[in-house]
Amino acid sequence: MDREASWQAIARQRRDLADLLDGLSAAEWEQPSLCAGWRVRDVAAHVALAPQPPSVWAMAVDAARAGGRFHKLNHDVSVRHAQRPVADLVGELRRFADSRRLPAVTSYRNILFDVLVHAQDIAVPLGRPLPMQPDAAVVAATRVWGMGWPFWARRRLRGVRLVATDVAWAAGDGLEVTGPIDALLLMTGRREAASARLSGAGVARVA
């Protein structure tokens with residue numbers, strides 16, 4: 001999947017997520033997501049903010065408030081934005097679906113796995129189906145597997161071989177863990193809830 005196809009997949013996932021969010025009840029917006037300490041509305045706000053990067057100055061101020069801790073910075077900015085009406089969050093996802101603006105510290109490759117994983121962070125705990133484009137999931141899983149911080153997938157999952165059952169993708173060496181590519185992507189991204197959809201001799205190790 002080249003750059004253009006990746007951006008198209010990002011836009012599609014943003015719109016699909018907006019469609020899902022459109023049908024949520026007020027209670028569902030407040031439910032916990034797969035991200036510890038993040039509600040559904042916080043994750044939605046985070047995804048909506050990606051194509052609306054702040055200025056360098058604003059980022060520096062928020063980073064100082066967070067004590068230089070990246071995860072706290074991400075959380076605090078998202079929670080603040082999540083105070084907006086939910087209709088505004090959904091509207092932003094649609095309005096900026098085709099935007100190719102990027103925060104200064106990332107790339108479209110990271111935005112691809114970010115939107116795919118975060119969409120499932122919302123859909124899975126709500127029990128709402130949200131299909132993931134298989135070829136986009138392959139690119140995303142390859143990216144997460146090959147990077148270090150913040151997932152450290154190769155180090156964390158040392159001793160297992162991940163094998164997709166629905167597409168041609170595999171990574172690692174050792175005890176086999178098989179499952180659909182979307183579940184494997186979530187596993188590489190530290191979403192342990194995905195282990196329920198995986199099988200093989202290595203499942204106990206990754207879970």
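The legends below describe close-up views of side-chain contacts in a predicted model. In this predicted model, local features need pLDDT of at least 70 and side-chain atom pairs count only at pLDDT 80 or more, while totals for chains, interfaces and linings use all residues. Residues are numbered from 1 along each chain as its sequence is written, and side-chain values use heavy atoms, with hydrogens and water left out.

**View A. The rings of Trp 7 and Tyr 108 form a tilted pair.** A search of the whole structure finds 2 aromatic pairs, where rings of Phe, Tyr and Trp (its six-membered ring) pair if their centres lie within 6.5 Å, and planes under 30 degrees apart count as stacked, over 60 as edge-to-face and the rest as tilted. The ring centres of Trp 7 and Tyr 108 are 6.4 Å apart and their planes lie at 35 degrees, so the pair is tilted. Because Trp 7 lies in helix α1 (residues 3–22) and Tyr 108 in helix α7 (residues 108–126), the pair ties together parts that are 101 residues apart in sequence; helices (H or I, at least four residues) are DSSP runs, numbered from the N terminus. Both Trp 7 and Tyr 108 are buried, a term that means under 20% relative accessible area, with exposed over 50% and partly exposed in between (1.4 Å probe, protein chains only).

**View B. Phe 113 and Phe 151 meet edge-to-face.** With ring centres 5.6 Å apart and planes at 75 degrees, the pair of Phe 113 and Phe 151 is edge-to-face. Phe 113 belongs to helix α7, whereas Phe 151 is in the loop between α8 (134–146) and α9 (153–156), 38 residues apart. Phe 113 is buried at a relative accessible area of 7%, and Phe 151 also counts as buried, at 13%.

**View C. Arg 94 and Asp 22 form a salt bridge.** A salt bridge is a side-chain nitrogen of Lys or Arg within 4 Å of a carboxyl oxygen of Asp or Glu, and the count comes to 13 salt bridges. The closest N and O atoms of Arg 94 and Asp 22 are 2.7 Å apart. Arg 94 lies in helix α6 (residues 86–95) and Asp 22 in helix α1, so the pair ties together parts that are 72 residues apart in sequence.

**View D. Arg 84 and Glu 92 meet in a salt bridge.** The N to O distance between the side chains of Arg 84 and Glu 92 is 3.1 Å. Arg 84 is partly exposed, with a relative accessible area of 31%, whereas Glu 92 is buried at 2%.

Conventions
Helix = DSSP H or I, 4+ residues; strand = E, 2+ residues; numbered from the N terminus.
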